[in-house]
Amino acid sequence: MHLRRLASADDLMPFLVLAMNWQPGRDWDAERVWAAPEIAHYIEGWMRAGDDGVMAEDDGASVGCAWWRFFNSSDPGYGYFADDVPEIGLAVTPAAQGRGVGRALLTALIDLARAQELPGLSLSVEDGNDGARRLYDALGFAVVGRSGNADTMLLRL
């Protein structure tokens, strides 16, 4: 596996769909994402100013992706913390899960944020997504808010 920086030509939709379908029984697809502006805004118009991220590839296939996007208080993401703190999206293909891909992606994203001197990174994690929560806890994210059935977590850099 190797990591590379995201480019404007990268298609993040498969990874946003994976992130939305983390729980068995969910049926998000691209059409449903585009019909939900509060979800679509995580990738719509990729790569706009400030967007960044990394892709994990194995034998030429994309197996995971972590990205960030800045939101503001008038159009916040689910894990919105502040206008100057981007929110993370992260997904790993089922075949690559449990192999450290998510940790590698998130660690690379944190390193990238530090290099850009960002004040922090935020995210939203739903109740029951225990594997993701363990990863976020291990890397230093802390709960700073709650919305519905999800915690907003922040890593101060």
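User: Which residue forms a salt bridge with Arg-5?

Analyst: Arg-5 pairs with Asp-52, and the closest N and O atoms are 2.7 Å apart. A salt bridge here is a side-chain nitrogen of Lys or Arg within 4 Å of a carboxyl oxygen of Asp or Glu. The pair links distant parts of the chain, with Arg-5 in strand E1 and Asp-52 in strand E2, 47 residues apart. Helices (H or I, at least four residues) and strands (E, at least two) are DSSP runs, numbered from the N terminus.

User: What should I know about the source of the model and the numbering?

Analyst: This is a predicted model, in which local features need pLDDT of at least 70 and side-chain atom pairs count only at pLDDT 80 or more, whereas totals for chains, interfaces and linings use all residues. Residues are numbered from 1 along each chain as its sequence is written, and side-chain values use heavy atoms, with hydrogens and water left out.

User: Back to that pair: is Asp-52 buried or exposed?

Analyst: Asp-52 is buried, with a relative accessible area of 6%, while Arg-5 is partly exposed at 47%. Buried means under 20% relative accessible area, exposed over 50%, and partly exposed in between (1.4 Å probe, protein chains only).

User: And what does Arg-4 meet in a salt bridge?

Analyst: The side chain of Arg-4 meets that of Asp-10, at 2.6 Å from N to O. Arg-4 has a relative accessible area of 25% and is partly exposed; Asp-10, at 15%, is buried.

User: How many salt bridges does the rule give?

Analyst: The count comes to eleven. One of them joins Arg-146 and Asp-127, at 2.5 Å from N to O. Here Arg-146 is in strand E6 (residues 142-147) and Asp-127 in the loop between E5 and H5, 19 residues apart. Asp-127, Arg-133, Arg-146 and Asp-151 are linked in a network of salt bridges.

User: Changing topic to the strands: what does E2 pair with?

Analyst: Strand E1 (residues 2-5) and E2 pair in the antiparallel sense over four bridges, and seven bridges join E2 to E3, also antiparallel. Two strands pair if DSSP finds at least two bridges between them. Glu-57 of E2 stands opposite His-2, and its bridge partner in E3 is Ser-62. Six of the seven residues of E2 are buried, and the strand is mostly covered.

User: What about the turn between E2 and E3: which residue there has a positive phi?

Analyst: In that hairpin, which has two residues between the strands, Asp-59 takes a positive phi near 50 degrees. Asp-59 counts as exposed, at 79% relative accessibility.

User: Where else is there a positive phi in a residue that is not a glycine?

Analyst: Glu-117 has one, of about 55 degrees. Glu-117 lies in the loop between helix H4 (101-115) and strand E5 (120-126), and at 71% relative accessibility this residue counts as exposed.

User: Which peptide bond is cis?

Analyst: The bond from Trp-46 to Met-47 is cis, with omega near 10 degrees. Met-47 is in the loop between helix H3 (37-40) and strand E2 (52-58).

User: Why is E5 described as largely enclosed?

Analyst: Five of the seven residues of E5 are buried, so the strand is largely enclosed by the rest of the structure. Seven bridges join E5 to strand E7 (residues 150-156), and the two run antiparallel. Ser-122 has Leu-154 in E7 as its bridge partner.

User: Finally, which residues have the most contacts inside the largest nonpolar core?

Analyst: They are Ile-88, Leu-105, Leu-106, Leu-121, Tyr-136 and Phe-141, in a core of 27 residues. A nonpolar core is a set of buried Ala, Val, Leu, Ile, Met, Phe, Trp, Tyr and Cys residues joined through side-chain atoms within 4.5 Å. The largest share of this core, seven residues, comes from H4. Apart from it lies another core, of 20 residues, among them Leu-12, Met-13, Trp-28 and Ala-40.

User: What does Phe-141 touch?

Analyst: Not counting residues up to four places away in sequence, Phe-141 has contacts that include Ile-88, Leu-106, Leu-121, Tyr-136 and Leu-154. Contact means heavy atoms within 4.5 Å.
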